[in-house]
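Please work through each task before reading its solution.

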Amino acid sequence: MLNKINNIKVAKNNNRRAPNKPLLILYALGQLTKGKRILSYKETHDPLRKLLLEYGPPVKHDVTTEDPFVRLKNDGIWEVTPNIDHSKYFSRKTLISQNVQGGFTKEILLLFEQSPSTINEIAEVILNNHFPETYHNELLERVGLNISIRKYRKRDSEFRRKVLEAYDFSCVVCGFSAQINDSIVGVEATHIKWHQAFGPDTETNGLALCSLHHQLFDKGIITITNNYSVKVSPKASGKGTFKLLVTDFHDKKIKTPACSIYLPDIEFINWHIREVYKQYSFT
């Protein structure tokens with residue numbers, strides 16, 4: 001079962017993220033814990049669409065919910081009734097008019113009954129394989145899963161040390177730095193290209209960010225450009241100190257490392273702009 005989850009077919013065109021199936025699985029697990037074994041596409045479309053808009057890459061038009069709902073059956077964990085021929089064109093309107101329903105296969109539902117902890121294990125695999133840690137607790141809350149997640153990937157302590165040293169232990173956006181005794185507090189080594197997308201543990205794929213700007217960066221509220229300046233998504237808004245801590249940094253240069261060989265790689269920056277930043281393109 002976990003092997004099938006590890007190997008779900010995720011569309012990868014031009015190195016693009018496609019979290020449609022992973023988000024559908026998480027949503028279905030959350031619904032299952034509420035007693036809903038069968039989901040209608042009509043009722044699933046809106047919550048899945050909202051998850052994709054928030055946790056998926058930016059899109060020019062609208063996200064696709066019908067494809068994962070039907071095509072997840074190809075991974076051996078999902079069934080759809082009435083059966084839809086995925087080799088032929090099917091639309092959102094078709095799935096709604098035919099009252100298409102989906103859910104985990106009978107074998108997997110039986111496994112869940114016999115071993116309820118399998119639900120946690122599947123959620124852990126999905127989160128660790130497809131989303132950064134800054135998403136995990138928030139995503140679990142959004143889909144209604146009350147579980148804790150273990151981190152399967154061993155952290156590279158050298159990556160953290162080298163990135164923080166390269167930026168003198170301070171946030172590249174706001175300059176925040178704090179230390180008590182020999183411990184750095186509130187400043188984190190952040191991957192530009194996520195390790196879930198095979199981003200390397202190298203200084204050129206890292207930024208030193210305070211905890212706040214790390215969250216905003218992973219969520220796509222901010223990004224950096226090829227000339228190392230900050231961009232704030234026009235879709236983001238806030239109150240209180242939002243202007244001071246976020247929008248006032250728009251178009252401001254980040255702090256660059258003292259050694260130019262550690263400058264962020266343009267390839268990784270472009271990945272973040274394309275796959276995470278919440279704006280389809282710069283204007």
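A residue is called buried under 20% relative accessible area, exposed over 50% and partly exposed in between (1.4 Å probe, protein chains only). The model is predicted: local features need pLDDT of at least 70 and side-chain atom pairs pLDDT 80 or more, while totals for chains, interfaces and linings use all residues. Residues are numbered from 1 along each chain as its sequence is written, and side-chain values use heavy atoms, leaving out hydrogens and water.

**Exercise 1.** Classify the ring pair of Tyr 135 and Trp 194, and state which parts it ties together.

Solution. Rings of Phe, Tyr and Trp (its six-membered ring) pair if their centres lie within 6.5 Å; planes under 30 degrees apart are stacked, over 60 edge-to-face, and the rest tilted. The structure holds eight such aromatic pairs. In one of them, Phe 104 and Phe 112 have ring centres 5.5 Å apart and planes at 90°, so this pair is edge-to-face. Phe 104 and Phe 112 are both buried. For Tyr 135 and Trp 194, the centres are 5.4 Å apart and the planes at 75°, so this pair is also edge-to-face. Tyr 135 belongs to helix α8 (residues 133-143) and Trp 194 to the loop between β6 (187-191) and β7 (206-210), so the pair ties together parts 59 residues apart in sequence. Tyr 135 and Trp 194 are both buried.

**Exercise 2.** Determine the strand order of the open sheet formed by three strands.

Solution. Helices (H or I, at least four residues) and strands (E, at least two) are DSSP runs, numbered from the N terminus. Two strands pair if DSSP finds at least two bridges between them. The order is β1-β3-β2, with antiparallel pairing. The edge strands, β1 (39-40) and β2 (78-81), each pair on one side only. Two bridges join β1 to β3 (residues 101-104), and Ser 40 has Gln 101 in β3 as its bridge partner.
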